[in-house]
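I opened this notebook to record what I looked up in one structure. The entries run from the whole chain to single residues.

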Amino acid sequence: MARLLSRYLPLVAWLVFISFASSDNFSAENTSRIIGPLVLWLHPNTSPETLALIHFVARKIAHFTEYAILAFLAARAFRTSPKAALANRWFLAAFAVVIIYALIDEYHQSYVPSRTASIYDSLIDMSGGLVMLLILHRRHKNRARHFKHSRSLSV
């Protein structure tokens with residue numbers, strides 16, 4: 001039971017965080033109250049146009065990053081699953097979680113008055129997840145290759 005919790009609790013907690021981040025608390029109006037003053041403190045002569053662009057880009061980077069983290073946590077949970085079918089298909093299972101949650105998240109935002117739903121945000125979310133999964137897949141293959149090579153040397 002402890003292994004199951006250690007594997008899936010971080011994933012579930014991150015899904016809850018993403019849902020919270022889709023609420024009014026993280027709307028563009030609210031995040032601009034943090035990003036704007038920070039940028040102006042660092043660069044007091046920033047124009048309103050540049051400030052708006054920085055805010056926009058920061059929000060898109062946040063989308064990418066939160067779904068990269070989701071992919072990491074899903075891959076971590078599925079790769080170590082005692083169920084061989086899930087462990088062997090961790091990449092597809094994790095990417096399915098990313099895709100489904102990205103679409104559900106944007107659908108949810110369509111019901112939040114201060115938020116707007118955008119398929120483009122879902123694509124950014126999916127891209128963040130896919131990039132992380134590709135990094136993990138490559139790392140996993142390199143480790144397996146290294147392990148196989150080191151075993152052949154010891155025989």
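**Basis.** I worked from a predicted model, in which local features need pLDDT of at least 70, side-chain atom pairs count only at pLDDT 80 or more, and totals for chains, interfaces and linings use all residues. Residues are numbered from 1 along each chain as its sequence is written, and side-chain values use heavy atoms, with hydrogens and water left out.

**Fold.** I counted 6 helices and 0 strands in the protein chain, which reads α-α-α-α-α-α along the sequence. Helices here are DSSP runs of H or I of at least four residues, strands are runs of E of at least two, and both are numbered from the N terminus.

**Overall form.** I found a radius of gyration of 19 Å for the protein chain, whereas a compact globule of 155 residues would have one near 15 Å. The radius is taken over C-alpha atoms, and the globule rule is 2.2 Å times the number of residues to the power 0.38. Along the principal axes, the C-alpha atoms fill a box of roughly 65 × 35 × 30 Å.

I noted that 34% of the 155 residues are buried (under 20% relative accessible area with a 1.4 Å probe, protein chains only; exposed is over 50%, partly exposed in between). Of the contacts (heavy atoms within 4.5 Å) with a separation of 6 or more, 71% join residues 24 or more positions apart.

A pocket is an open set of points on a 1 Å grid where a 1.4 Å probe fits, with protein on both sides within 12 Å along at least five of seven lines; lining residues have an atom within 4 Å of a point. Of its 18 lining residues, A21, F26, A62, H63 and E66 are the closest to the centre. Helix 3 gives the largest share of the lining, 6 residues.

L92 lies in helix 5 and counts as exposed because its relative accessible area is 61%. L92 and L133 are 41 residues apart in sequence, with 9.3 Å between their C-alpha atoms.
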